[in-house]
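Please read it with the sequence and the model in view.

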Amino acid sequence: MPEDHGTKQRHVSGLPQGMFVLWGLLFIVWLVINASVELPIVATGALVSLVMAAIFARRGDVWRIEITPRKAYHFLAYTSVFFVELVKANINMLRYVYAPRIDISPGIVKVNMPLKSPIGRLALANSIALTPGSLVMDLRGDALFIHWLDVRTTDTEEATRMIVGPFERHLGAVFG
């Protein structure tokens, strides 16, 4: 069977780094879910994660992420920002739960989606949805519609700055 060497080279050159990134993420999720570092569990997780990463990396260009020191720095910075925002949101939720009178104004706000890559958009939407008090309802074009437990503004630009702002710079540097 004749092969197109140009196409094969393109897949081979992009696959290892993207597959490694995906394998690492899947393996970390496996370890967290299983909460164990026993050899059989770690070996099974490594193998299952590798097979899944190979399947997903071969099926599309989404996981073809070039790893550079700059991107690694911004990914670590994003992780730090995400954890800070997660803690702030959880403390805010504690205030609502333990307040004698709950004073909230829930609603749906529109924010701008600054990222263009599918994986960057997914990471941003998940970052917003995983912080308590906000839930991504819809994505239409370059707009996200978010259910916000305590709407502080209905202005799209201001809501974008408040909700998307902490994540945008670092996710944009990593995923584009």
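Two helices count as roughly antiparallel when the angle between their N-to-C directions is over 145 degrees. In this predicted model, helix α4 (residues 118-130) and helix α6 (residues 165-175) pack at an angle of about 155°, with their axes 9 Å apart, and α4 and α6 are therefore roughly antiparallel to each other. The axes of α3 and α6 also cross at roughly 155° and come within 8 Å, which makes α3 roughly antiparallel to α6. The table sets out the two pairs.

| Helix pair | Angle | Axis separation | Handedness of crossing |
|---|---|---|---|
| α4 and α6 | about 155° | 9 Å apart | right-handed |
| α3 and α6 | roughly 155° | within 8 Å | left-handed |

**The contact of α4 with α6**

On the α4 side, the residues that meet α6 are I119, G120, A123, L124, S127 and I128, and their partners in α6 are F167, L171 and F175. By class, this contact comprises seven nonpolar and two polar residues, with no charged ones.

**The contact of α3 with α6**

Here α3 contributes R70, K71, H74, F75, A77, Y78, V81, F82 and E85, which meet P166, F167, R169, H170, L171, A173 and V174 in α6. Sorted by class, the residues of this contact are ten nonpolar, two polar and four charged.

**Burial of α6**

Which residues of α6 are buried? They are F167, H170, L171, A173, V174 and F175, and what covers them includes α3, α4 and α5 (156-163). Just after α6, G176 takes a positive phi of about 85°.

**N92 in α3**

Helix α3 spans residues 69-98 and contains N92. Because its relative accessibility is 17%, which falls under the 20% cut-off, N92 counts as buried. The side chain of N92 is joined to the side chain of R95 by a polar contact of 2.5 Å. As a general point, an α-helix has 3.6 residues a turn, so residues three or four places apart point the same way.

Although W30 and G45 are 15 residues apart along the chain, their C-alpha atoms are separated by 5.9 Å. If residues up to four places away in sequence are not counted, W30 touches I41, T44, G45, V48 and S49.

The loop between α1 and α2 (39-59) holds A35, and S36 lies in that loop as well. Is A35 buried or exposed? With a relative accessible area of 67%, A35 is exposed, whereas S36, at 15% relative accessibility, counts as buried. The phi of A35 is near 50°, a positive value in a residue other than glycine. Most residues other than glycine have a negative phi.

The side chain of S36 reaches the backbone nitrogen of E38 at 3.2 Å. Leaving aside neighbours within four places in sequence, S36 is in contact with L31, I41 and V42; I41 is also among the residues that W30 touches.

Technical notes: Residues are numbered from 1 along each chain as its sequence is written. This is a predicted model: local features need pLDDT of at least 70, side-chain atom pairs count only at pLDDT 80 or more; totals for chains, interfaces and linings use all residues. Side-chain values use heavy atoms; hydrogens and water are left out. Helices (H or I, at least four residues) and strands (E, at least two) are DSSP runs, numbered from the N terminus. Buried means under 20% relative accessible area, exposed over 50%, partly exposed in between (1.4 Å probe, protein chains only). A polar contact is a pair of N or O atoms within 3.5 Å; within protein, one must be able to donate a hydrogen and the other to accept it, and residues adjacent in sequence count only if both atoms are side-chain atoms. Axes are lines fitted to C-alpha atoms, for helices over the stretch in contact, and angles run from 0 to 180 degrees between N-to-C directions. Angles under 35 degrees count as roughly parallel, over 145 as roughly antiparallel, 65 to 115 as roughly perpendicular and the rest as oblique. A crossing is left-handed if the near helix is turned anticlockwise from the far one by less than a right angle, and right-handed if clockwise. Contact means heavy atoms within 4.5 Å. Ala, Val, Leu, Ile, Met, Phe, Trp, Tyr, Cys and Pro count as nonpolar, Asp, Glu, Lys and Arg as charged, and the others, Gly among them, as polar.
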